[in-house]
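Morning, everyone. Please bring up the model on your screens, and I'll walk through a few places in it.

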Amino acid sequence: MVKVSNGRCVRRLGLRSMGAARTRNIIAVLAIALTAVLFTSLFTIAASINYSFQQQNFRQAGGDFHGTIKELTWEQVEQFRTDPLIKEDFARMFVGMPTDPPFNKSHVEVSYMEPDAAPHYFCAPEEGTLPREGTNEAATDTHVLALLGVEPKVGAEFTLSFYIDENTKDRQLVTRTYTLSGWWSYDSAVVANHVLLPRSEAEELCALGSGDPYSMTGVWTLDLMFKNSLSIRDDVNAVLANHGLQGEDPSAENYHRIGVNWGYSGVQLSNSFDTGTLLAIAVVLLLIIFTGYLIIYNVFQISVSNDIRFYGLLKTIGTTPRQLKRIIRQQALLLSLIGIPIGLVLGFFIGNKLTPVVMSQLSYKNVFVSFNPWIFIGAALFALVTVLISCAKPARVAARVSPVEAVRYAEGAAGGKRGERTAKKGASLPAMAWANLGRSRGKTAVTVISLTLAVVLLTVTYTFSLGFDMNKYLQNKADVDFIAGSASYFQTSGMFGSEDDAVSEQIISDIDARSGITESGRIYGQTSSMQQFITEDWLRHSWEGWSTPEVLDMMVDNAEKVGNLLADRVTVYGMEDFPLSLLNVLEGDLEPLKDPSKNAIAAVYFTDDYNSTEWGTNYAKLGDTVTIRYVDETEYFWRDTGEVIDDPGILDSYSGSREWGTRSKVYEDKQYTVCALVNIPNSISYRFWGADQFIMGAEQFVQDSGTSSVMTYVFNTTDESEDAMEEFLSEYTDSVQPMYDYESRKIYEAEFEGFRGMFMTMGGALSLIIGLVGVLNFINAVLTGILTRRRELAVLQSIGMTGGQLKKMLIFEGLYYTLLSLAAALVLALCAGPLMGHALGSVFWFFTYRFTVLPIIVTLPVFLLLGAAVPLLVYRSVARHTIVERLRETDA
Amino acid sequence: MTVLETKDLRKTYGAGETEVHALAGVNMSVQKGEFVAVVGTSGSGKSTLLHMLGGLDRPTSGSVSVDGRELGSMADEELTIFRRRKIGFVFQNYNLVPVLSVYENILLPIQLDGREPDGEYIGQIIDTLGLEGKLKNLPNNLSGGQQQRVAIARALAAKPAIILADEPTGNLDSRTSQDVMGLLKVTSARFGQTIVMITHNEEIAQMANRIIRIEDGLIVERR
């Protein structure tokens, strides 16, 4: 094909013909903008969640630098620094750690940091400065200051005792008094707290060290930033390689320890979006593309069929189909150039507003709104792709037009295949209006679908939020006002395993000192070693989900045995009367638990999300005898000879082939009678999957296990004092006992409402925007429908249709559009509703499907108004021209 | 009996330097049952005249009366209703409603008026115009001549006092034109229908009973 430079001419044609279609342009720009709004807000929300997730990871990882070269001397630091691969670098010298109370539960590091490093460790002072060289200044965070009991005020003096050579046998406690040069707020997501010293002070302290080669004191680390975070591990290794070192094989000579910030790695990134989330995002993306397609396609389709004579003319005088396509594509791109930026800006604002709503439902401590340029690039690209897909078919239609036919082309000619109408009774206004809708079935269908989509989405949103069932949500929560326990117990992967996690009597008495408590009780958790004895079958049954058959056989072989029963782990609660009353008794009676002389025990059966008992989750039946072994001491032994290993230390470095095991050495076996089978509400149970569970009375538990670690303290208050208690606990667990936390009925209810609110807000926003798109589509359809028929309407008037009759016919047309949409939505709601309800019910256990057409009924008046008002308004602008003027309009 | 009468009918477009006198004082009258052709060149004012006669446009001054009623005295709504009862139109490009069948198009003016069509009369019209086999067709499936016949049938259906035809053969070849003119003449005769037709074609005009020639907004010759 000969390449002719006709681009400019084609472009001029495109531009000029565009100028002629002002209304089309406005609607197309709006449509493109709305599509871009949808994409941008979706991407903003997704990117913000991801960004917040990453920020949370950085805080847990300790900083946001890409990689680290560890265990360096200052000379090495200076050598590595010159490496051209490194974009930025920050050196830090570790000095020591305070580990004695009050720091026993916190991770605090004393060190010198180069000033530029501080922000990367989240140590930028909010007030004051970093410590100045040659002073006795130090900077730290509010958490360390709180533990020391010092007010965060620049210039305050504080004394800190900490260990140097902390990780060696020769650790040395040093005590220094510093002047606070600056402080920053404690961020609970950050794992390590820092006390920063001037370099001279740090070096002076390190000089006191023992010089133990394994000591961390005086050791430098060099944190690195590279050009990007795509291949951090390779980059760090490349830096090492430049100095003849490597960080991969610890057994080789030239090994040097490195760190790669896992907050950046792709694994973490993909974890933050599980398949479900990705699927949801994909569905929403497709929905947006479809919505955008519906309107942009309609706008271009209509405009092409209106201008078909023009395209026919162009073709007659020698414009090629390719050039015609280019003209249309060019117009689309030009309109995108205006529409997309508008959409990006609006979408970003909407996304910003919605992000916190979504984030409040995810357990992130810090919410960051991302301003990632990729949001805009991505949204713009998606919007552009939608535009291009949408105008592809209209462009093809224009390109394929035959010059001769184009002159005769009239809207509705496509439907002329049937060529006949069978109506016998003649024409009535409603029938004419109906026939007019049928002229361009594609346009009508697309318009109706886009309106339907909005209504359906609204119905789904409403059904969804209506179906959120508070009772179902609360049914696996204990019927109690407050639960207090260690913070780790309440974490998502709840933990309770040591006395450190126990609620101290001090806390309980602090709570009891408050007024308004009506009922209360302790739930003791297991912190000592206990075993139960079960049949081989049950052992296999309870482990088979987690283990291969070989491992199961080995477990059976290796288990300690009493008769034909095998020892296995067990999980036991001790409960005071009040928590006992929160249990759901399936069989038997809890009374015997309260008398330690009865040696009674209750067997716990779990429930599924729908609160029905899973009978396979315990083996004990009413009246059974359960043996619990309290192990005080265990010993190691060789499996082949049974010989006791006196010094278990040798096992650390043992590399022979002899197998060894552990067994109870000092222990007590005690037998209990099962007096009841119970369900325990999730909110007061061990919040992790463990072994078979049993419940004893509190006295029995304390007496037999010899431990009294309170896992949770549960209590009810009078209604009047509930708010005050909530406030007290919130304040108390924040400042006085930060390692402890609580849950309350209010929190559950707020959680639930928040979740529902999120769906309402998101669904509402989505319905609203898609509704806008639908209405825009409708306006466009009515507008073009009337404008292209200006002449025909004038004819109708000239042969005797009154203005009133004409308006009536147009209103009928408008109403048909909107009522058809509602009918379609209704049919969808009727057919798909129960199906969707069932699906939702199986995903969200607290969802109860309730059939509703309320959104459709509510939209009815709006749609009636729209259906009547839009045609009237458009007609009014047409009616400004006299019949003669309109009749005179030439066909071209 | 006079069905149509104008008195010093004037229509002026624009003002000042761009003022155009489309009609500069037209006086004419048409008797019942007459078939009158108005002839003039393009821009002579003949279309403006037709629009005035049909009440589609209002004169700057002067008056038009149809069937004894003065059009200028009627409000828009009233005028429309009067028009659909008393005046039938036949246009150069047929102007049929594309979504209605031939039969529905013919009945449309009567039904818009909320009247029951006179079945026998409609049957006669259809018969006269040879449309029996086409009643269910949509206009787009008909030839130009056939479409114009439907338009004539539509104009006749309401038994108007007068039919105004605007270049009814303008889009047709000469044979079909002869055909359509023949039909107009026949209907005029058979139904006693008054017809005013405008055309620029002398040959076509010859088929009318009377020719009125118009130039620069004035009647220059009557015959």
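Start in chain B, with a helix contact. From α3(B), the residues B:Val102, B:Asn105, B:Ile106, B:Pro109 and B:Ile110 take part. They meet B:Val150, B:Ala153, B:Arg154 and B:Ala157 of α5(B). What is the make-up of that contact? Seven of its residues are nonpolar, one is polar and one is charged.

Keep in mind that this is a predicted model.

Now the geometry. Two packed helices are described by the angle between their axes and the distance between the axes. Here α3 covers residues 102–112 of chain B, and α5 covers residues 144–157 of chain B. Their axes come within 7 Å. The crossing angle is roughly 30°. Angles under 35 degrees count as roughly parallel, so α3(B) and α5(B) are roughly parallel to each other. And the hand? α3(B) makes a right-handed crossing with α5(B).

Over to chain A. Its division is into three pieces. Domain 1 is 1–63 + 263–409, domain 2 is 64–262, and domain 3 is 526–629 + 666–706. How far apart are the centres of domain 2 and domain 3 of chain A? Over C-alpha atoms, 47 Å.

Last stop, one residue. A:His194 lies in strand β8 of chain A, residues 192–196. Buried or exposed? A:His194 has 4% relative accessibility, and the cut-off for buried is under 20%, so it counts as buried. What does A:His194 touch, leaving aside neighbours within four places in sequence? Its contacts include A:Arg92, A:Glu109 and A:Asp141. Also among them are A:Tyr121, A:Cys123 and A:Trp184.

That's my tour. Over to you.

Definitions and conventions: Residues numbered from 1 in each chain as written. Chains lettered and ligands numbered in written order. Predicted model: local features only at pLDDT ≥ 70, side-chain atom pairs only at ≥ 80, totals over all residues. Heavy atoms only, no water. Domains from an automatic or database assignment. Axes fitted to C-alpha atoms, helices over the stretch in contact; angles between N-to-C directions. Helix = DSSP H or I, 4+ residues; strand = E, 2+ residues; numbered from the N terminus. Parallel < 35°, antiparallel > 145°, perpendicular 65-115°, else oblique. Left-handed = near helix turned anticlockwise from the far one by under 90°. Contact = heavy atoms within 4.5 Å. Nonpolar A, V, L, I, M, F, W, Y, C, P; charged D, E, K, R; others polar. Buried < 20%, exposed > 50% of the residue type's maximum accessible area, 1.4 Å probe, protein only.
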